[in-house]
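Keep the structure open as you read.

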Amino acid sequence: MSVDDRSSEAATPTPPPPKSVNIVIVLLLVATFVMILNETTMAVAIPVLMQDLNIVASTAQWLTTAFMLTMAVVIPTTGFILQRFSTRSVFITAMVLFTAGTALAAVSPNFILLVTGRVVQASGTAVMIPLMITTVLTFIPEQKRGTVMGFISIVIAVAPAVGPTLAGWILNHLEWRWLFYVMLPIAGLALVLGLIFVRNITTPRKAPFDIASVLLSVIAFAGLIYGLNSLGEAAAGDTPVPPWVPIVIGAVALALFVWRQLSLQTTDSALLDLRPFATRTFTVGIAILLVAMAALFGALMLLPLFMQNVWHASPMDTGLVLLPGGLVMGLIAPFVGALYDKVGPRPLVTPGAILVTVALILLTTLKADAVTGEFWMFTNQEWKIVGIHVVLSLGLGTMMTPLMTSALGSVPPMMYSHASAIQNTLQQLAGAAGTALFITVMTRASASYALAGNDPVQSMAHGIHQAFYWGAGFGVLAVVLSLLVRRPTNTEEQIETEVPGDTPVTMH
């Protein structure tokens with residue numbers, strides 16, 4: 001990036017002491033772990049909540065749908081938030097929101113207040129992950145980013161692995177409110193430590209706030225997420241509004257949102273600056289990441305369904321089966337990060353994509369008539385799932401850190417917050433799309449198989465197998481795209497971007 005001396009000094013504040021940065025990153029990691037852990041415990045609790053609150057499945061699903069909708073609405077604004085406000089104020093606000101939402105959910109006497117608590121939680125969660133990634137990109141030297149991003153991958157991998165197991169244990173011994181009571185002291189401690197130790201390590205600058213962009217983003221991302229999440233219900237004939245209605249509305253609003261951002265970014269006033277897409281490495285990395293996330297979310301949705309609805313395993317047993325893979329993914333993350341610093345992304349991403357594809361193909365071989373046992377007496381089929389899930393986790397763990405590091409590290413520092421917001425927003429959409437596709441394929445294939453006179457359990461197993469074939473197709477696509485990945489270098493094609501008041505900025 002080339003700028004004149006005056007603008008360079010204005011854009012690059014004096015680096016804070018390394019100790020301050022390290023403290024902030026550690027607290028961000030702890031806070032993010034708690035938030036992701038909270039997000040992944042709810043799916044296991046939905047059957048219990050249906051019975052306790054006397055609600056049907058389509059109503060209970062709003063506990064996860066409302067969370068995803070809030071994330072999708074808030075994340076596009078984080079590019080503006082992280083530029084306009086200091087690290088300390090953003091961290092404290094996010095933790096206050098998450099802690100308050102957790103407390104409200106814990107004491108909620110009815111479903112409406114419980115959903116409200118989840119929405120408040122999601123408002124804090126949506127800001128925390130982009131804040132963590134932007135802080136790492138801004139203050140960690142490029143030659144060490146892979147290692148630090150590896151620790152972020154530990155959080156992203158281990159929390160979803162531990163969440164269902166923890167939720168299963170709590171629900172076996174305590175009422176569902178303890179899912180939130182357990183989180184509350186940890187969130188409160190992170191908030192107190194943040195108040196004591198987090199200092200302002202960034203220099204806020206004035207950033208325009210375009211209300212029209214906010215409204216368009218709300219309609220676009222809320223419509224798409226809601227519509228995609230409704231596809232599975234529609235396939236089962238259980239939805240009041242056809243999914244294509246919110247999807248079309250969301251797609252039109254998204255097109256208008258993109259058009260407005262392209263217009264506003266010429267004056268450096270976009271809510272979500274899209275110039276990172278002018279960088280080849282960013283675009284390729286994000287594309288593969290989205291394919292991988294669609295496959296991951298779909299698989300994580302179907303595996304518990306297979307175990308509980310086909311094998312009739314308990315939530316606790318399901319969580320224990322999926323636990324080793326998540327732990328393995330977390331354990332390899334630092335090593336993958338260190339390898340990235342030495343060899344770059346492609347030698348890691350391509351083998352990882354191949355492993356993911358192989359694992360998804362192997363999942364189609366699971367037998368519908370297997371029996372289950374306790375953790376210390378797992379049957380061969382249960383150990384088979386453990387092994388396949390470990391392979392899947394190894395592949396995803398080998399892909400995620402290199403993709404995030406190379407994609408986000410390829411844009412100029414002035415674009416870090418926007419690039420992080422783009423990545424997290426699109427991940428939410430990819431997760432919703434992957435889940436919707438897998439559930440829709442499963443539902444339609446199961447119904448067709450049942451109409452042919454087959455047993456309902458066998459029909460569901462057939463539908464899940466068909467969905468995993470689609471997942472394997474995603475994996476093959478990721479393998480092909482991985483051949484385009486490369487480490488960001490100064491020799492890449494330079495793309496000039498006008499920034500008002502400065503000389504042209506070149507994006508690599």
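Glu 142, Arg 145, Tyr 340, Thr 405, Gly 409 and Pro 488 line the second largest cavity. This is a predicted model. A search of the whole structure finds two cavities of 30 Å³ or more.

**Second largest cavity**
- The second largest cavity has a volume of about 40 Å³.
- Its lining splits by class into two nonpolar, two polar and two charged residues.

**Largest cavity**
- The largest cavity has a volume of about 90 Å³.
- Which residues line the largest cavity? They are Phe 80, Gln 83, Arg 205, Ala 207, Pro 208, Asp 268, Ser 269, Ala 270, Leu 271, Asp 273 and His 418.
- By class, five of these lining residues are nonpolar, three are polar and three are charged.

**Gln 265 and its loop**
- Where is Gln 265 found? Gln 265 sits in the loop between helix H11 (244-264) and helix H12 (280-310).
- Is Gln 265 buried or exposed? Its relative accessible area is 10%, and buried means under 20%, so Gln 265 is buried.
- The side chain of Gln 265 has a polar atom 3.0 Å from the backbone nitrogen of Leu 274.

How values were computed. Residues numbered from 1 in each chain as written. Predicted model: local features only at pLDDT ≥ 70, side-chain atom pairs only at ≥ 80, totals over all residues. Heavy atoms only, no water. 1 Å grid on protein atoms, 1.4 Å probe; cavity = no way out; pocket = protein on both sides within 12 Å on 5 of 7 lines; lining within 4 Å. Points joined across faces, edges and corners; volume = space filled by probe spheres on them. Nonpolar A, V, L, I, M, F, W, Y, C, P; charged D, E, K, R; others polar. Helix = DSSP H or I, 4+ residues; strand = E, 2+ residues; numbered from the N terminus. Buried < 20%, exposed > 50% of the residue type's maximum accessible area, 1.4 Å probe, protein only. Polar contact = N/O pair within 3.5 Å; in protein donor to acceptor, adjacent residues only side chain to side chain.
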